[in-house]
Amino acid sequence: MTRDTFANDAFTVHSESLAVGYGRHTIVDGIDLQLGKGDLVVLIGTNGSGKSTLLKTLAGLLPALGGKVSVLGGAPGATPKRAAYLPQHPVSSHTLPLRSHDVVAMGRYAHLGLFRRETTADRAAVRDAISRTGVADFSRLPLRDLSGGQQQRTHLAQVLAREAEVLLLDEPTAGIDLNGKAAVADIIAAERARGVTVVLATHDLNDAASATAVMLLAQRVVAFGPPSQALSDDNVRECFGFTQPH
C-alpha cells in the first residue's frame with residue numbers, strides 16, 4: 001500500500017482526509033467518504049469546484065495529493081473490470097467511422113483484454129446496455145453523425161456494458177432532454193438495486209433527490225450529508241450564489 005491507498009472491505013469507496021488536485025495544486029482536501037453497496041453520492045458544485053477532479057482521482061486517473069483512498073478495497077484504477085468511469089467530455093475519435101454500437105462494445109474491453117474473443121455474455125451485455133439507454137434506434141450510425149444527447153447516451157451505454165460494481169459518472173445527463181434525464185435516473189436506480197455504488201457529479205440540484213448523501217463542493221467541502229441537511233439554503237448559496245426555490 002502507498003500512503004494514498006488502503007484497503008477496507010467494509011466499503012466500496014473509502015477515503016480519509018483525501019486531497020485532490022493537479023500536480024502540486026490542491027483543489028479540495030479533507031474529503032471523507034464511506035460508501036457501501038447501493039449507495040448514491042451526488043457531488044454538486046459549479047465548474048471548477050472539484051467535482052470532476054474527485055471523480056478522476058477515484059477512477060485512478062489522477063493521484064491523490066494527500067490522505068488515503070481505496071476503491072473496492074484497493075488502489076483507484078486497480079480493478080478496471082469492477083469500476084467504470086464516464087468523463088464529462090468523453091473522447092471518441094470523430095475521424096474514424098465508429099458506429100454507436102462499436103463505442104458501446106468498447107465497454108467490454110476491460111473484460112476481454114488483448115486476446116480473448118468476445119463471448120455470448122459480452123454480446124448480451126452490449127445489447128442490454130444499448131436497450132436500456134435508448135441507443136438501439138441509432139446504434140448502426142456513425143458516432144460523428146449523432147446529436148450531443150445521442151452521443152452522451154452512447155457513452156453511458158458503454159459504461160453500463162462494463163457491468164461494474166462502482167459507477168463514477170460525471171454529468172451523465174449533459175445534453176439530454178427531460179425524458180432522457182428521467183431514463184438516466186431510472187437506470188441509476190436499477191443499478192443501485194443490484195448493489196452498484198454510484199458517485200455522480202452534477203450542477204442540477206434535482207439529481208440529488210434520491211441520493212444517499214450529497215457533497216456540496218466549492219473548492220472545499222461545504223457540506224456532506226443527507227440531501228435534506230446538505231442542501232440547506234445557506235449551503236446552496238455558498239456554492240451557487242442563490243438559494244433553491246421552495
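A nonpolar core is a set of buried Ala, Val, Leu, Ile, Met, Phe, Trp, Tyr and Cys residues joined through side-chain atoms within 4.5 Å. Buried here means under 20% relative accessible area, with exposed being over 50% and partly exposed in between (1.4 Å probe, protein chains only).

What you're looking at is a predicted model, where local features need pLDDT of at least 70 and side-chain atom pairs count only at pLDDT 80 or more, while totals for chains, interfaces and linings use all residues. Residues are numbered from 1 along each chain as its sequence is written, and side-chain values use heavy atoms, leaving out hydrogens and water.

**The cores**

Let's start inside. In soluble globular proteins, nonpolar side chains tend to be buried together.

| Core | Residues in it | Some members |
|---|---|---|
| Largest nonpolar core | 43 residues | including Ile44, Leu167 and Leu231 |
| Second, separate core | 27 residues | including Leu18, Val41, Leu72 and Val166 |

Leu216 is among the residues with the most contacts inside the largest core. Contact means heavy atoms within 4.5 Å. Skipping neighbours within four places in sequence, Leu216 is in contact with several residues, including Ile44, Val222, Leu231 and Cys239.

Helices (H or I, at least four residues) and strands (E, at least two) are DSSP runs, numbered from the N terminus. Leu43 sits in strand 3 (residues 40-44). Is Leu43 buried or exposed? With a relative accessible area of 1%, Leu43 is buried. Not counting residues up to four places away in sequence, Leu43 touches Lys51, Leu54 and Leu55, among others.

Helix 1 (residues 51-58) has 7 of its 8 residues buried, so the rest of the structure largely encloses it. Just after helix 1, Gly60 takes a positive phi of about 85°.

Now for helix 4 (residues 120-132) and helix 5 (residues 148-161): their axes come within 8 Å and cross at roughly 140°. That makes helix 4 oblique to helix 5. Axes are lines fitted to C-alpha atoms, for helices over the stretch in contact, and angles run from 0 to 180 degrees between N-to-C directions. Under 35 degrees counts as roughly parallel, over 145 as roughly antiparallel, 65 to 115 as roughly perpendicular, and the rest as oblique.

Which residues of helix 4 and helix 5 meet? Ala125, Val126, Ala129, Ile130 and Arg132 in helix 4 meet Ala157, Leu160 and Ala161 in helix 5.
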